[in-house]
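Biologist: Please go through this model with me and say, for each label, what value stands behind it.

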Amino acid sequence: MTRECAVLLPGVCAALADPRQPGLDDTCLEKLLDWFRSLTWFDPTVELVQDNPCVTELLTSVLALPDPSPSVLSFTLQLAGILASSESRFQHLQVSRAPGDGTGSVHKYTLSVLSTLLMLLIDLFCFPTGGMDVIFTLQGDTSLFVASAASQLLVHMLTFSLESETSKALSTKDCDWPACAQMIVKHIKESLQSSSASHIEQSLKLLSSLFGSCFGSCYAAWTEVLWLDIAKQIESFLLEETVQAQPQLANLLLNVARSPAFCGTEGSFWALVTSALEHLTPVQAGPLAVGLLKLCKCPQDVRIQALTVLLQPMDCILRAASQPLECAGLLDESVSDPATVESLLSSKTSCAGLLCQTLTHLEKLLSLKHLRVDLPCESLLHSLMTILQFCNGFLSPASPLGSTISRNLINCFRVQKSALDVLAALSEKKGCDTLIGNLFDVLLAYLQSPNTSPTVLKKTFQATSKWLVHLQELSSSNSQWHQTEKILEDVLVVLQKRLCSPCWEVRDSSLEFLTSMVKCLRDQKEFRQCLLSSEVLRLTENLLDDPESYVRASAVTAVGHLAPITCFAPESPVIGHQYNKESIVAKLQEILSTDSEGFPRRAVISIFTKWLREGCTGQLEDTEQFVSRVIQTVEHDLDWEVRLGGLELVEVFCSQIICQLSQCPYAPVSSAVTSSSPQNELLQVFCRAKLFGFLFGSLCDCDKPVGQRACDVLVGLRGHFYPMSTLENPQEIEDSPAGRGIAWLQRTLRQGSLAQNFPMDGDVGVDFQDPESMMLALGAIDLLELHDELNKSSDHVEESPQSLLQDILAAVGTTEDNEVDCY
């Protein structure tokens, strides 16, 4: 603790203990606790409380108040726990037991301090039975925070009480729990056998937390002992239809399955899991099934059964779509009664919910790199297409069940979005090629339909983009260019229509889709031909003037990605088309300098950087002029992200020019710049482009990320021009006119953002376009010091402990200045 903080702390403690003072903001109290945690984390000694008796007085005073503020009481109890986390401080504080009201009742705010004090409480004295009963009761508190804290406290108590027993040989037939653990286990078993549904639910939640914590992984033998004690009761819950705790049962079984105690493929536990998959409802069994499929050690037969649970609704959809069945279903047999799934899908209230949950689980499985079961991808794709056709009314099933499901799903946006997400994920799997024509029929129907909502249309575009890539790969391998070309033409026709939509969200999604297609397919000759012969280019360029800023930004991005295959391409674009390099560059520069919204301007600077990185801006002279014009525009932009983008552009430009003009682009020069022609030329290029004025000015930007990036670029340049041993001595150069200007610049930069408007025209003796002066500046200014200062956290002053203590005193009115930092 610093001397300044030690001086302020007594006043803060006195204010907290004074019931007449107004309550402090909880954030201040949390920050104060964080400070004490940092002070005690690596220091178990007693000096903190010995040297600051005001802290002990605070604890005593607050706990003696008849009606303390709940927030201050909570703070005090947590502070006591933090201080008592070492045995020496614990003994110094002479804590004997948790505060009570004489009847055995413990205030709910004591839970946090009990959790912190637990390790010493159990070790130093026997926790009173009354206190345990209170914690058991608080498991059912109306506050979820209190109930959760009580449950976590019991988990910590049980876990710690077993630490002294880990070295003992355990027998699952004859095993004595330690005293504290015995009380908790007894309470769990009694609650499970209770007639109270809430008690059963509380114990199942406690067991789930217990098996899900380090207990389940660090105490495998005790885990098995506990499980054998409760397994029969858990099994009975699965078979009793009257028990309403099935969701908790599924979570409990999954947490137990993760324990190393059940890593074998045989045993009664996995039989119970199988029973749960069979007896839980599809909605309840779904989370258990997907969790089991993610486990490496799950037996294969259980894994297959879990997958079957997830596929049952999809199988039902497929079988309900046609009568008689025209294609193979997903499943040969079901885990549970198919009538249960059919009933849920037949109900308007449960149909969408079951399908959305199922589809979400399937998307998670498809995202796994190593799925240890084989998915029937073709049938799954067929089922997804059926769901999408049900939702838009394009499929008239012959079966009564199919008609009911179709009515339930018509225009159901939730199911449509979930199905499209799974459809997109399925594009990366093999085995779906035979249905690809039918799939694009479904996607095109959604893209063309006026009833498709903007959010569903966006999902459809995303799925279409993924499947177009798959189609392109497929066509490359089997030369089916005719099918690919026809699909591309159909997609572009729809895209042309959507680019003219009166809905801005649709125009925006259409442009994003176009950009995605260009990124993935621009190297394919067939795609370029289809694109250049369509109206898409003209419509996209028109949207650069769209009234909606989001659309303008997306249009800029699309135009930027189209440019390499149109106006920057070696081959000439379509004859008569105005889509040429000069007009596009001029238009984007106009947007950068005049657009009233930040999104389009950010998009322009991003595209310009992309072009520069890809070498689309021409020869050295053209690139130099291009960069110079851009940075002179962005250095005055009010949007800091635009200015930051300008610095990224400069960084790419510097890297490219150094590579072009230096013999070894990554090595610093070994002599002064005056004797190295390539280095002279480099400096001249940078000065002509007016980079240094932009970079040094950005060091004083009021937005820190801009200053940090500028400093990074300048440090990189200095590393190129100067080896560490040849930096200039500022004292030796200060007598010259240029040196005096550099000295002024150094002093100005140290003021940080206070100097953000310093002059750039050389009136102060700094010529930012003079190579010799800039060489001196790079060598003499302490850029590393600036770099360290800029990279300090912005809260290194405002959130310092000293500032925090001052804020608390100001808030309670004990200082003359009542202004509080709002950090």
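Biologist: What share of the 823 residues of the protein counts as buried, and what makes a residue buried?
Modeller: Of the 823 residues, 50% count as buried. The label goes to a residue with under 20% relative accessible area, while over 50% is exposed and anything in between is partly exposed (1.4 Å probe, protein chains only). The model is a predicted one, in which local features need pLDDT of at least 70, side-chain atom pairs count only at pLDDT 80 or more, and totals for chains, interfaces and linings use all residues. Residues are numbered from 1 along each chain as its sequence is written, and side-chain values use heavy atoms, with hydrogens and water left out.

Biologist: What is the mean pLDDT of the protein?
Modeller: The mean is 80, and 79% of the residues reach 70 or more. pLDDT is the predictor's confidence in each residue, from 0 to 100. Over residues 95-113 pLDDT stays under 50, and the model has 30 contacts there beyond four places in sequence; a contact is a pair with heavy atoms within 4.5 Å. Residues 815-823 also stay under 50, with 17 such contacts. Where pLDDT is low, the predicted coordinates should not be read in detail.

Biologist: How many helices and strands does the secondary structure come to?
Modeller: There are 42 helices and zero strands.

Biologist: How is the packing of α14 and α15 described?
Modeller: Two packed helices are described by the angle between their axes and the distance between the axes. Helix α14 (residues 246-257) and helix α15 (residues 268-279) pack at about 150°, with axes 11 Å apart. The axes are lines fitted to C-alpha atoms over the stretch in contact, and the angles run from 0 to 180 degrees between N-to-C directions. On the α14 side the contact is made by L253, V256 and A257, and on the α15 side by F269, W270, L272 and A276. These residues divide into seven nonpolar, no polar and no charged. Ala, Val, Leu, Ile, Met, Phe, Trp, Tyr, Cys and Pro count as nonpolar, Asp, Glu, Lys and Arg as charged, and the others, Gly among them, as polar.

Biologist: What makes D545 and K587 a salt bridge?
Modeller: Their side chains meet at 2.6 Å, N to O. A salt bridge requires a side-chain nitrogen of Lys or Arg within 4 Å of a carboxyl oxygen of Asp or Glu, so the pair qualifies. D545 lies in the loop between α28 (536-542) and α29 (549-562) and K587 in helix α30 (residues 581-594), so the bridge ties together parts 42 residues apart in sequence. D545 counts as exposed at 52% relative accessibility, while K587, at 17%, is buried. The structure holds 23 salt bridges.

Biologist: Why are D637 and R601 called buried?
Modeller: D637 has a relative accessible area of 9%, and R601 has 9%; both values fall under the cut-off, so both are buried. The side chains of D637 and R601 meet in a salt bridge of 2.7 Å, N to O. D637 lies in the loop between α32 (620-634) and α33 (640-661) and R601 in helix α31 (residues 598-613), so the pair ties together parts 36 residues apart in sequence.

Biologist: How do you know that R643 forms a salt bridge with D701?
Modeller: The closest N and O atoms are 2.6 Å apart. R643 is in helix α33 and D701 in the loop between α35 (691-698) and α36 (704-721), so parts 58 residues apart in sequence are tied together. R643 is buried at 7%, and D701 is buried at 14%. Salt bridges that share partners also join R522, K610 and E614 into one network.

Biologist: What makes α35 mostly covered?
Modeller: Eight of its eight residues are buried. Among them are L691, F692 and F694.

Biologist: What is the phi of K690?
Modeller: Phi of K690 is positive, about 60°, although the residue is not a glycine. Most residues other than glycine have a negative phi. K690 is found in the loop between α34 (677-688) and α35. At 33% relative accessible area, K690 is partly exposed.

Note on methods. Helices (H or I, at least four residues) and strands (E, at least two) are DSSP runs, numbered from the N terminus.
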